[in-house]
Amino acid sequence: MPSSHDQNFKNLIIDYPRQAIELFAPDEAEGLSAPGVRYLPVREEQLKERLGDRFRELDTPLLVEWPDRRREALLFLFEEETKTRRFSIHRLAHYCLDVAELLGTERIVPVVIFLRGGHYATELRLGSERRAYLAFACLAYAFRQQQARDHFGSPNLIARLNLPNMRHPRSERVAVYADAVRGLLELEPDPERQLKYLDFVDIYAHLSEEERMIYQQEHAPEAAAISGFAERFLRQGEAIGEARGEARLLRQLLTKRFGEPSESIHQRLETADAETLALWFNRALEAQALEDIFCDEPTA
């Protein structure tokens with residue numbers, strides 16, 4: 001499995017755990033809207049130390065806790081598989097048993113997410129003709145078995161972002177991309193995450209240059225909004241980087257001339273904007289004391 005797909009879906013599930021459970025395991029989503037529900041990614045590093053190297057870890061173990069105790073904590077084990085032929089239900093069952101023993105819980109929901117279609121087993125039965133001695137099952141969600149049109153306008157952000165991964169005719173590629181982007185703009189208010197998951201949509205949409213031109217023509221307001229927030233975010237990142245660079249140079253100059261600055265001055269340097277830092281730097285070149293540099297503020 002390409003590591004890029006693994007990381008893409010790991011980020012998606014950690015950033016939007018509730019939406020992931022509601023889409024991939026809807027029968028287990030009861031009570032997620034209760035106030036105070038916590039979603040805790042289980043550290044895979046801890047699992048690796050205890051589980052050995054024979055079986056690879058799943059992508060995202062996610063623990064859900066209900067503060068009112070209406071339900072016991074529930075551990076969701078999400079695994080993304082790009083190709084169904086690489087999936088092993090035996091490996092998944094082995095992993096679930098190890099995690100159950102390690103964490104002391106029997107409340108585990110294994111979920112497999114397939115990008116492509118194909119044949120795969122969701123149940124494992126070990127036993128004789130008389131009885132099953134080990135019965136195991138997992139939930140499976142295959143994007144290629146979903147019709148993209150059925151999820152247009154969905155309030156679930158993960159569904160909207162993955163519209164390009166769902167089944168649709170080539171003639172609807174631009175419409176699918178447009179609804180995915182519209183969902184991102186409508187359902188995610190954070191500009192940083194908007195930019196992050198615009199990349200996600202672009203990766204899986206694979207629009208040609210011609211299709212991008214069609215999108216920009218037919219969906220001009222959204223295309224302009226995307227271009228605007230991307231440009232603003234990049235400018236903001238450049239400004240922050242510039243300010244941090246100036247703060248580092250000013251700190252070095254202060255240390256050379258006056259000794260290590262106090263903690264309070266360190267904090268001011270970290271929080272000042274580029275214009276203020278430039279003013280302080282110019283003063284520091286000729287100042288005889290710290291008071292001359294920060295003359296408009298106390299230097300305690």
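**View 1. Aspartate 179 and arginine 182 form a salt bridge, with their closest N and O atoms 3.0 Å apart.** A salt bridge is defined here as a side-chain nitrogen of Lys or Arg within 4 Å of a carboxyl oxygen of Asp or Glu. The two residues stand three residues apart in helix α6, so about one helical turn separates them. Helices (H or I, at least four residues) are DSSP runs, numbered from the N terminus. Arginine 182 is partly exposed, with a relative accessibility of 23%, whereas aspartate 179 is buried, with a relative accessible area of 6%. Buried denotes under 20% relative accessible area, exposed over 50%, and partly exposed the range in between (1.4 Å probe, protein chains only). The model is predicted: local features need pLDDT of at least 70, side-chain atom pairs count only at pLDDT 80 or more, and totals for chains, interfaces and linings use all residues. Residues are numbered from 1 along each chain as its sequence is written, and side-chain values use heavy atoms, with hydrogens and water left out.

**View 2. Arginine 160 and aspartate 179 are joined through their side chains in a salt bridge (2.9 Å, N to O).** Arginine 160 belongs to helix α5 (residues 157-161) and aspartate 179 to helix α6 (residues 173-187), so this pair ties together parts that are 19 residues apart in sequence. Arginine 160 is buried, its relative accessible area being 2%.

**View 3. A salt bridge links glutamate 211 with arginine 173, the closest N and O atoms lying 2.8 Å apart.** Glutamate 211 is located in helix α8 (residues 209-218) and arginine 173 in helix α6, so the pair connects parts that are 38 residues apart in sequence. Both glutamate 211 and arginine 173 are buried.

**View 4. A network of salt bridges links Asp15, Glu188, Arg193 and Lys196.** Glutamate 188 is placed in the loop between α6 and α7 (191-205). With a relative accessibility of 6%, glutamate 188 counts as buried. When its neighbours within four places in sequence are left aside, glutamate 188 is in contact (heavy atoms within 4.5 Å) with Tyr16, Leu157, Gly183, Arg193 and Gln194.

**View 5. The structure as a whole contains 13 salt bridges.** Among them are the pair of arginine 160 with aspartate 179 and the pair of glutamate 211 with arginine 173. In general, side chains of opposite charge can pair when their charged atoms come close.
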